[in-house]
Amino acid sequence: MNKFTIHKIIDGKSGKIVDWVTEEVPLTIIVNGQELATLLCSPVSLRELTVGFLYSSGLIKDIDEITGIRVDEKYWQATVTIVNGIDFGKKLLDKRLYTSGCGRGIIFYNSLDKLRKLKLTVRSTVSWKKLLEFMDQFQHSSVEFQKTGGVHSAALCGKDGIIARQDDIGRHNAVDKIIGEALINKLDFSLAMLLLSGRISSEIFYKINKCGIPIVASVSAPTDQAVKLARKLKVTLIGFARGKRLNVYSVPERIIMKGKK
């Protein structure tokens, strides 16, 4: 975060104040000597962002495929070495889809044709009250958002609460960071819920598809394509989870209506 002197106008009256503004940097990811992508992002958790981006884009299947990773915060570069010196080649690098997210998110659409065919079971459940408690905790957990209002957040919850959370100027980057943190720390996606602060669109599902996360909830709205994907993949999709209400768009069997669990 950086401080700026700004003019604030309230009810027609202007005055100078010092305000916090969120920071943005361009992170270039270089894999096996090839420039893969440049992500506009917040300058924190860049290792997690890199790992999560490679995994959610389908470019690695496991974190153990990464044999080396170095983040240079002077030139904003993440240099990655992947096992066996895999060459992604120009053919792959041309297959980019620029997403609807802020920060001009990127996914590689050659991996979109390989959506998870194994549908999730209903094994993981949560009470509606507990879910809203987690969401309330999540909404008040970002210091940077409280100061700047300029970041999105993502978090993973276990049965007892939040186990990992990340902020970024881009909602796709926030998801990649939380995926990367989970991979680095060997967290079990199948026992977790993903909480989001922003709109849930189809590309968010493309990113989390490989993870097997059974419940995804946001304070905001989903798109129609996200709802269709959630129903196809048997993921419980929840929107507008605020206060004492929530909308369940798919697999409501995972939401327990009586008591807390």
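Author: Helices α1 and α5 are roughly perpendicular to each other, a label that covers angles of 65 to 115 degrees, with under 35 degrees counting as roughly parallel, over 145 as roughly antiparallel and the rest as oblique. This is a predicted model, in which local features need pLDDT of at least 70 and side-chain atom pairs count only at pLDDT 80 or more, while totals for chains, interfaces and linings use all residues. Residues are numbered from 1 along each chain as its sequence is written, and side-chain values use heavy atoms, with hydrogens and water left out.

Reader: ok, and at what angle do α1 and α5 pack, and how far apart are their axes?

Author: Helix α1, residues 46–56, and helix α5, residues 171–184, pack at about 95°, and their axes are 6 Å apart. The axes are lines fitted to C-alpha atoms, for helices over the stretch in contact, and the angles run from 0 to 180 degrees between N-to-C directions. Helices here are DSSP runs of H or I with at least four residues, strands are runs of E with at least two, and both are numbered from the N terminus.

Reader: which residues of α1 and α5 meet?

Author: From α1, Arg47, Glu48, Leu49, Val51, Gly52, Phe53, Tyr55 and Ser56 meet a set in α5 made up of Asn173, Asp176, Lys177, Ile179, Gly180, Glu181, Leu183 and Ile184, where contact means heavy atoms within 4.5 Å. By class, this contact has seven nonpolar, four polar and five charged residues; Ala, Val, Leu, Ile, Met, Phe, Trp, Tyr, Cys and Pro count as nonpolar, Asp, Glu, Lys and Arg as charged, and the others, Gly among them, as polar.

Reader: how many residues of α1 and of α5 are buried?

Author: Both helices are mostly covered, with 10 of the 11 residues buried in α1 and 13 of 14 buried in α5. Buried means under 20% relative accessible area, exposed means over 50%, and partly exposed lies in between, with a 1.4 Å probe and protein chains only. Among the buried residues of α1 are Leu46, Glu48 and Thr50.

Reader: and what span should α5 have, against the distance between its end C-alpha atoms?

Author: The 14 residues of α5 should span 20 Å at 1.5 Å a residue, and its end C-alpha atoms are 20 Å apart, so the two agree; the expected span is 1.5 Å times one less than the number of residues. Just after α5, Lys186 takes a positive phi of about 60°, and just after α1, Gly58 takes one of about 80°.

Reader: switching to the core, which residues touch the most other members of the largest one?

Author: Those are Ile179, Leu194 and Phe205, in a nonpolar core of 49 residues, meaning a set of buried Ala, Val, Leu, Ile, Met, Phe, Trp, Tyr and Cys residues joined through side-chain atoms within 4.5 Å. Leaving aside neighbours within four places in sequence, Ile179 is in contact with residues including Gly52, Tyr55, Phe189 and Cys211. There is also a second, separate core of 17 residues, which includes Leu132, Phe134, Cys157 and Ile238.

Reader: is Ile255 buried or exposed, and what does Ile255 touch?

Author: Ile255 is buried, with a relative accessible area of 8%, and belongs to strand β16, residues 255–256. Not counting residues up to four places away in sequence, Ile255 touches Val126, Trp128, Leu131, Thr236, Ile238 and Val248.

Reader: now loops, where is Glu65, and is Glu65 buried or exposed?

Author: Glu65 sits in the loop between α1 and β5, which covers 66–72, and is buried at a relative accessible area of 18%. Contacts of Glu65 beyond four places in sequence are Leu59, Ile60, Thr81, Ile82 and Val83.
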